[in-house]
Amino acid sequence: MPQSASIIISGIQTMVLYETRARFFLVGTNQAQTKHRVLKIDRTEPKDLVIIDDKHVYNQEEVRELLGRLDLGNRTKIGQKGSSGLSRAVAAYGIVGFVRFLEGYYIVLITKLRKVADIGGQSVYKIEDTSMIYIPNDSARITHPDEARYVRIFQNVDLSSNFYFSYSYDLSHSLQYNLTLLQRPYELWTPPVSSAEEVVQTQSKQDSFDIFEDEGVPTQVVYGIQNEPYYKYVWNGKLLERIKDIVHQDWLMYIIHGFCGQSKLLIYGRPVHITLIARRSSKFAGTRFLKRGANCEGDVANEVETEQIVHDASVMSFTAGRYSSYVQVRGSVPLYWSQDISTMMPKPPIRLDQADPYAHVAALHFDQMLQRFGSPIIILNLVKKREKRKHEKILSEELYPAVLNLNQFLPPENCIDYIAWDMARYTKSKLCNVLDRLSMIAETVVKRTGFFINRSDFYCHTLRPEDRWGALGGRITASGLVQTGVLRTNCVDCLDRTNTAQFMVGKCALAYQLYALGMIDKPKLQFDTDCVRLFEELYEDHGDTLSLQYGGSQLVHRVKTYRKIAPWTQHSKDIMQTLSRYYSNAFSDADRQDAINLFLQVYQPSESKPHLWELPTDFYLHQRNTMCLPQNRRSYTLWWSEGILSYLPVAYDEVPCEETMKRVKVKRVNRFDESIDIYTEFFKPYELTSFDDTFCIAMTNSLREFMPKTLGVDPSPFTVRKPEETGKSALSNKSSKDETLLQRKTAASAPPPPSEEAISSTSEDDSEEDRDDDGSVSQRSTPIKLLTESGESSRTQEEIQKQQSMKEPYGLSLAAFPAEEDLLIYERFAHLGESQHRRERTGHVNLANIICLEPVSSFSEDSIYAVCPPQVDRASCDEFESHAMAAHGQMRALCREDMLIYRDYFKNRFM
């Protein structure tokens with residue numbers, strides 16, 4: 001009976017597209033190039049997609065023979081060599097999908113990738129380049145004048161920016177889902193082997209004869225798991241829809257859009273990987289002012305699920321390693337609302353498009369969240385409460401009654417929590433600290449939802465036996481702790497204020513995660529430590545990326561802005577980002593929205609419909625139910641889906657019930673099968689590789705980037721440091737070296753930093769107005785001269801700082817001339833070096849002296865040829881003797897361990 005489960009690795013990781021006049025042949029192979037599959041695509045159909053997958057697995061010899069026959073059969077004359085036969089078109093790493101506009105189909109292939117993260121040996125890749133190839137040949141092509149315009153619009157979605165995929169890890173689901181999926185009781189859900197499958201297995205067993213069958217070694221069988229992705233976060237689901245039921249599962253590769261970053265935290269040499277994954281929803285997707293609120297199906301604009309994963313990298317195994325994760329969500333206010341940008345105002349008025357007295361659209365949205373995350377759902381609403389002219393307050397006045405209406409039908413223990421906090425008003429106040437208030441909210445939220453960790457033997461319980469997780473939320477299981485519920489943060493745009501709030505919640509959760517993993521002695525992390533600075537940089541990259549995707553510019557206000565330690569140059573950068581965001585919203589967002597609608601197949605071109613650029617609005621593309629009356633109207637009181645309430649607080653998607661098990665494909669495989677062997681997948685022992693290829697992730701390192709370079713400091717990443725002590729200055733907020741130098745040079749003549757009132761209070765929405773000019777950039781850019789008493793200008797401040805920086809690592813100041821005794825010592829050292837090298841250059845080197853390890857100079861200790869012979873231990877001598885005896889035909893008896901090792905090698909390589 002199988003005892004464990006493993007994730008199936010995709011059997012197609014590289015592919016080559018060959019072409020003839022009548023067909024495309026896509027040959028895909030696994031990483032070891034032991035298994036091949038062939039996909040045949042017809043090129044004679046002008047507007048239809050004809051794909052044939054014979055589902056046969058070829059070996060290398062069979063594929064070569066097949067390609068040779070195809071090349072020979074497609075030549076016009078026997079023995080002719082040229083382009084008329086089989087030609088190689090492009091090499092690729094995966095299929096993004098197939099798309100058609102007004103002519104024939106195109107195939108989109110990934111031609112370049114880059115590894116950006118590693119989760120337990122499972123690599124995550126970023127798409128770097130793609131190729132879009134037209135399938136029908138020239139003789140079958142029926143041209144259309146508007147085809148080229150649709151191609152340009154489709155290619156406006158830059159697939160080389162922030163699209164990610166993995167051959168083994170399911171990026172559309174959380175780490176908690178992927179790990180708990182392996183712990184389900186599959187023996188209860190796996191159907192018995194049918195007679196047809198028995199024939200196939202018997203035939204396969206005869207084809208691959210087991211040489212260990214008579215050795216008494218039992219065959220170990222495990223479950224191979226292949227899960228259906230969560231299509232809400234899949235961006236090429238529609239592009240693969242035509243071939244999903246035709247081709248083998250290995251051809252399908254799902255991509256996500258958002259952000260993926262990984263950094264290494266070194267705790268006294270112990271590596272801990274911190275990974276941040278953001279999944280942007282493909283439902284109701286779009287740009288800032290063109291997608292607001294929610295659609296009729298409960299999908300909201302700018303919905304992003306952010307997950308932070310903490311992994312003890314000293315153990316690579318995905319099942320045996322120690323992992324922890326925490327998930328939170330951002331998204332627009334789930335109401336029917338929008339903003340009219342036709343007036344070209346920086347801050348268009350908010351209007352409610354449709355009355356929803358029974359909170360129908362909010363019910364659909366929170367039903368999705370209960371199904372995916374469980375309870376409690378905690379809403380952190382950061383929009384304004386007090387305004388001279390009612391603007392953001394309109395949303396709060398509608399959202400709060402909607403939540404009250406939904407809560408009256410839920411059990412009290414599963415109600416939706418609503419936290420309203422005017423973050424903009426607190427930012428203006430001199431007496432209130434924004435981040436302290438956010439820290440209190442974060443502590444409450446994390447204690448309610450808990451976090452995920454896959455180990456039950458918490459090290460912190462050994463450290464403090466009385467400190468248990470009694471007051472912490474989540475659900476304690478036999479294998480660890482599971483997060484139940486989620487925090488949902490929103491402001492108006494869900495950009496600047498939301499990113500800062502999510503950072504504070506993530507910082508609090510990171511403290512609990514490190515505490516549970518035994519890295520710190522209490523669940524608290526302080527600012528100005530290497531750990532928090534590394535995490536803050538990761539979150540700012542995350543926020544900048546999401547802000548560019550939705551708003552058209554980077555973050556306007558960052559964590560340092562709300563800490564009120566931002567440099568004076570930051571004010572001018574905020575103005576530039578605000579102008580960039582305004583320009584993008586006014587002039588380029590419409591084109592980007594058309595490209596997103598076309599890429600996600602929300603709009604599918606047809607000659608019987610108006611063109612995409614002729615539509616006055618895309619409202620009816622995203623609100624499909626508005627054109628017809630629904631046949632089965634949902635209940636206003638029992639607004640959740642069937643079966644969800646009975647499993648709360650656990651998420652319904654993570655419960656091993658009959659409905660959820662339908663999404664999982666299970667098959668029995670050999671434990672040593674290459675389709676589940678993560679070790680072989682990562683280290684590639686079958687080929688000669690280099691360290692640069694295997695460990696190719698250039699991730700941020702806390703020791704290299706943030707730890708001070710001064711000797712004698714505490715190397716702990718949890719030690720609070722002053723800004724000037726760190727390797728990366730806290731004041732340099734993504735500024736270039738020139739800007740940092742300018743900041744140093746003009747520090748004396750710079751105006752004071754903007755006051756607390758000068759900091760814009762509304763983050764992204766009020767960033768366009770009410771800015772003070774106190775923080776303008778100084779025009780002085782020349783180095784400041786320090787005058788001596790005689791009035792002569794001496795060294796510049798830059799030179800003095802260089803000398804001070806040299807004093808830290810070397811222990812001496814270079815301002816004074818070296819003493820005469822030091823110069824004499826250095827001259828003697830230089831003469832010794834000259835005589836040594838002169839002898840090496842002019843003298844004849846005797847090879848016998850080198851082999852006999854004799855010195856070539858009168859200084860035996862300094863000679864470059866003075867080598868000590870290596871000391872060999874007894875075990876190495878025995879190993880060498882056994883190899884020498886084997887060469888002479890004298891074999892020693894094999895033990896059981898040798899048989900198992902050879903069996904693994906033989907089966908993985910040849911069977």
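Trainee: Which side chain meets lysine 390 in a salt bridge?

Mentor: This is a predicted model, in which local features need pLDDT of at least 70, side-chain atom pairs count only at pLDDT 80 or more, and totals for chains, interfaces and linings use all residues. Residues are numbered from 1 along each chain as its sequence is written, and side-chain values use heavy atoms, with hydrogens and water left out. A salt bridge is a side-chain nitrogen of Lys or Arg within 4 Å of a carboxyl oxygen of Asp or Glu. At 3.4 Å, N to O, the partner of lysine 390 is glutamate 397.

Trainee: Is glutamate 397 buried or partly exposed?

Mentor: Buried means under 20% relative accessible area, exposed over 50%, and partly exposed in between (1.4 Å probe, protein chains only). Because its relative accessibility is 36%, glutamate 397 counts as partly exposed.

Trainee: Which residue meets aspartate 493 in a salt bridge?

Mentor: The N to O distance in this salt bridge is 2.7 Å, and the partner is arginine 288. The pair links distant parts of the chain, 205 residues apart. Both aspartate 493 and arginine 288 are buried.

Note on methods:
Helix = DSSP H or I, 4+ residues; strand = E, 2+ residues; numbered from the N terminus.
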